[in-house]
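The following exercises concern the structure shown below.

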Amino acid sequence: MSHPLMFDEQDPYLARVRDICLALPGADEKISHGRPNFFTRKVFATFGGSLKGDHFSPIARNALLFLPDASEREALLEREPFFVPAYFGPSGWLGLSFHVVGAVDRVDWDEVAELVDASYRLTAPAGLVKELDARA
């Protein structure tokens, strides 16, 4: 039995996240567990998630889930829009809640791109990371 879709294809936050993620070398998108996941060989970002004990929380439902650099994890958690998502959290992942940030134009999309970049670098094959570095 497949999971029902748990996102709105017209979501403006998803559109921006999709643009950022799919601009990375070898990145692709698949729907898994009802949510968009961005991956190379491994997933590096997911749009939407849940909180432990609350699978329908608006905080997590409209969020970017990513794997931060371990040295930045605690500092990010000190900021209000960041949270530990269910299922992904025990593996070090965090969420950035767009629900908490507010309107699309209030999101720091440069920061989102940096978070996605870090997560990509931690999960992508070395050859794709080299290709990304060559673009800069």
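This is a predicted model: local features need pLDDT of at least 70, side-chain atom pairs count only at pLDDT 80 or more; totals for chains, interfaces and linings use all residues.

**Exercise 1. Determine which residues of strand 2 are buried on each of its faces.**

Step 1. Buried means under 20% relative accessible area, exposed over 50%, and partly exposed in between, with a 1.4 Å probe and protein chains only.

Step 2. Counted as a whole, strand 2 has five of its five residues buried and is mostly covered. Strands (E, at least two residues) and helices (H or I, at least four residues) are DSSP runs, numbered from the N terminus.

Step 3. Residues are numbered from 1 along each chain as its sequence is written, and side-chain values use heavy atoms, with hydrogens and water left out.

**Exercise 2. Describe how strand 2 is joined to strand 1 and to strand 3.**

Step 1. Strand 2 (residues 35-39) pairs with strand 1 in the antiparallel sense over five bridges. Two strands pair if DSSP finds at least two bridges between them.

Step 2. Within this pairing, Ser32 stands opposite Arg35, and Glu29 stands opposite Phe38.

Step 3. A hairpin with two residues between the strands is formed by strand 1 and strand 2, and His33 in its turn has a positive phi of about 55°.

Step 4. Strand 2 and strand 3 are also antiparallel, over three bridges; here Phe38 stands opposite Ala45. These two strands form a hairpin with three residues between them.

**Exercise 3. State the order of the strands in the sheet and identify the helix 5 contacts with it.**

Step 1. The open sheet consists of six strands in the order 1-2-3-4-6-5, with antiparallel pairing.

Step 2. Strand 1 (28-32) and strand 5 (82-83) are at the edges; each has a single partner strand, so one side of each has no neighbour in the sheet.

Step 3. Helix 5 packs on the sheet and touches strand 3 (43-47), strand 4 (63-66), strand 5 and strand 6 (94-97). Contact means heavy atoms within 4.5 Å. The direction of helix 5 makes about 140° with that of strand 3.

**Exercise 4. Describe the packing of helix 5 with helix 1 and with helix 6.**

Step 1. Helix 1 (residues 12-22) and helix 5 (residues 109-123) have axes 10 Å apart and pack at an angle of about 50°. Axes are lines fitted to C-alpha atoms, for helices over the stretch in contact, and angles run from 0 to 180 degrees between N-to-C directions.

Step 2. Residues in this contact include Tyr13 and Arg16 of helix 1, and Trp109 and Val112 of helix 5. By class, eight nonpolar, no polar and one charged residues take part. Ala, Val, Leu, Ile, Met, Phe, Trp, Tyr, Cys and Pro count as nonpolar, Asp, Glu, Lys and Arg as charged, and the others, Gly among them, as polar.

Step 3. The axes of helix 5 and helix 6 (residues 126-135) come within 8 Å and cross at roughly 140°. Asp117, Tyr120 and Arg121 of helix 5 meet Leu128, Val129, Leu132 and Asp133 of helix 6. This contact has four nonpolar, no polar and three charged residues.
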